[in-house]
Amino acid sequence: MKLTLKIKLLPTDEQANLLLEMMKEANTVCNAISDVAWQEKIFNNFKLHHRTYHAYKATFKLSSQILVRCIAKVADAYKLDKKTKREFRALGSIGYDSRIMTYKPNDIVSLWAIGGRIKIPFVCHNRNYLPYIKGEADLVYKKGKFYLFQTVDVPEEDIDDVEEFIGVDMGLIEIAALSNGKSFNSKKLNDYREKRQKVRSSLQRKGTKNTKKVLKRLSGKERTTSTIINHTISKQIVQLAKAENKGIAIEDLKGIRFSANKKGKKFRARVGKWNFNQLRSFLTYKCLLNGVKLVDVPPAYTSKTCHNCLHIGNRQGKKFTCNNCNSVFDADENAAKNIALLGTNYVNSPEKPSMLYCQVHSFLGLKPIPSLFSVGG
Ligand SMILES: [Zn+2]
């Protein structure tokens, strides 16, 4: 499976200047190539190479390989549409491949820059992936720091056969509630967000030139925090499933429902902002890396059904009550248990309609749904 590894470079001031100089030169040449492409309507990589390579090799201080990558970058940009002229930021990212970049022992990477190669130390938080570095990287300059976004090709583990599933209910009050009762609360994050929202509103009222910068920085910080939270949650769920030899069942994304209660609007604002797509994609790749089975189950009735007797009950906020078997459950945990049941049902009879739905549907006097499942990831 291909992933992108974020590697932070630790250049000396001198090396940093060399990298900046190189990025500026490369983006200048990109803009020059884009001029040609636009004026002469040459958008094909091969033709653009033929038209520009020799002239620009002589006039710019770039290595052949960097120039080749710049031509490809321009051709790529025009692939999206040919109706607007492409322009490149002075410090936009630059592509590197093994001809101009080599990883050395002791966390050193050798990169081509104007005037020759430079050896730069780096740090990386996901060291396990370093042996799987393969192919290209983008050199990115962001907020005064340099990063390599490096492609890695990590082997997938064989998916273990499982009989039981951990159900994950996403949304509402908890970011994720599990069928074993464990839950991941979003309160801390929401408090943090609300505090920032206040700062933001007061800044927006002031509306000076500097506030724009501050606002941009704030949104960046928030994104980082929620990404870390999604990483943590998905990692813990996958580790738990692996340890208990279970699969993971999640709802289709459409499954995030918004109850029309008084708090509905506030919920929507909160839940709508949470990046469940990201949590889902983190779960998917971590499952693949760890050989954990992941299935998508249809969300219908998972929050309305009593997991104990499979009758329709009442959900009110955090509480779920069933008048049929006189049970009271935590609403999110009940939903997660139904999702787990659907996962188990999938393994036992993937072609047949779910037993849960058969019962719920006959209870409601509806016809069974013929095709209910799709395999996740
Ligand atoms: Zn019940």
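## A guided reading of the predicted model

S234 touches L279, F282, L283 and K286, when residues up to four places away in sequence are not counted. This residue is found in helix α5, which covers residues 209–243. S234 is buried, and its relative accessible area is 0%.

The chain forms 9 helices and 16 strands. Of its 377 residues, 44% are buried. When contacts between residues at least 6 apart in sequence are considered, 66% of them join residues at least 24 apart.

Helix α1 comprises residues 13–40, and its axis comes within 9 Å of the axis of α3, the two crossing at roughly 50°. The helices α1 and α3 are therefore oblique to each other. The crossing of α1 past α3 is right-handed. On the side of α1, the contact is made by M22, A26, N27, V29, C30, I33, S34, A37 and W38, and on the side of α3 by I66, L67, C70, I71, K73, V74 and Y78.

Helix α3, residues 64–80, also meets helix α2, residues 45–59. Here the axes come within 10 Å and cross at roughly 140°. That angle makes α2 oblique to α3. Again the crossing is described by its hand: α2 passes α3 in a right-handed manner. The residues of α2 that make this contact are N45, L48, H49, T52, Y53, Y56 and K57, while α3 contributes S64, L67, V68, I71, A72, V74 and A75.

Leaving aside neighbours within four places in sequence, Y78 is in contact with S34, A37, W38, F43, T84, K85 and R86. The C-alpha atoms of Y78 and N45 are separated by 9.7 Å, although the two residues are 33 apart along the chain.

The account now moves to the zinc ion. Its protein donors are the SG atoms of C306, C309, C322 and C325, lying 2.3 Å from the ion. The 4 donor atoms subtend angles of 101 to 116° around the zinc ion, so the arrangement is tetrahedral. Along the sequence, the donor residues follow the spacing C-x2-C-x12-C-x2-C. C306 belongs to the loop between β12 (294–297) and β13 (314–316), whereas C322 belongs to strand β14 (residues 319–322), so this pair ties together parts that are 16 residues apart in sequence. C306 and C322 are both buried.

The loop between β12 and β13 also holds L310. L310 has a positive phi of about 65°, although it is not a glycine. With a relative accessible area of 14%, L310 is buried, because residues under 20% count as buried.

A positive phi is also found at N106, where the value is about 60° and the residue is likewise not a glycine. N106 is placed in the loop between β3 (101–104) and β4 (108–113). The relative accessible area of N106 is 72%, and the residue is exposed, because values over 50% count as exposed.

Technical notes. Residues numbered from 1 in each chain as written. Predicted model: local features only at pLDDT ≥ 70, side-chain atom pairs only at ≥ 80, totals over all residues. Heavy atoms only, no water. Donors = N, O, S within 2.8 Å, 3.2 Å for Na, K, Ca; no water. Tetrahedral: all angles 85-135°; square planar, octahedral: opposite > 155°, others 65-115°. Helix = DSSP H or I, 4+ residues; strand = E, 2+ residues; numbered from the N terminus. Buried < 20%, exposed > 50% of the residue type's maximum accessible area, 1.4 Å probe, protein only. Axes fitted to C-alpha atoms, helices over the stretch in contact; angles between N-to-C directions. Parallel < 35°, antiparallel > 145°, perpendicular 65-115°, else oblique. Left-handed = near helix turned anticlockwise from the far one by under 90°. Contact = heavy atoms within 4.5 Å.
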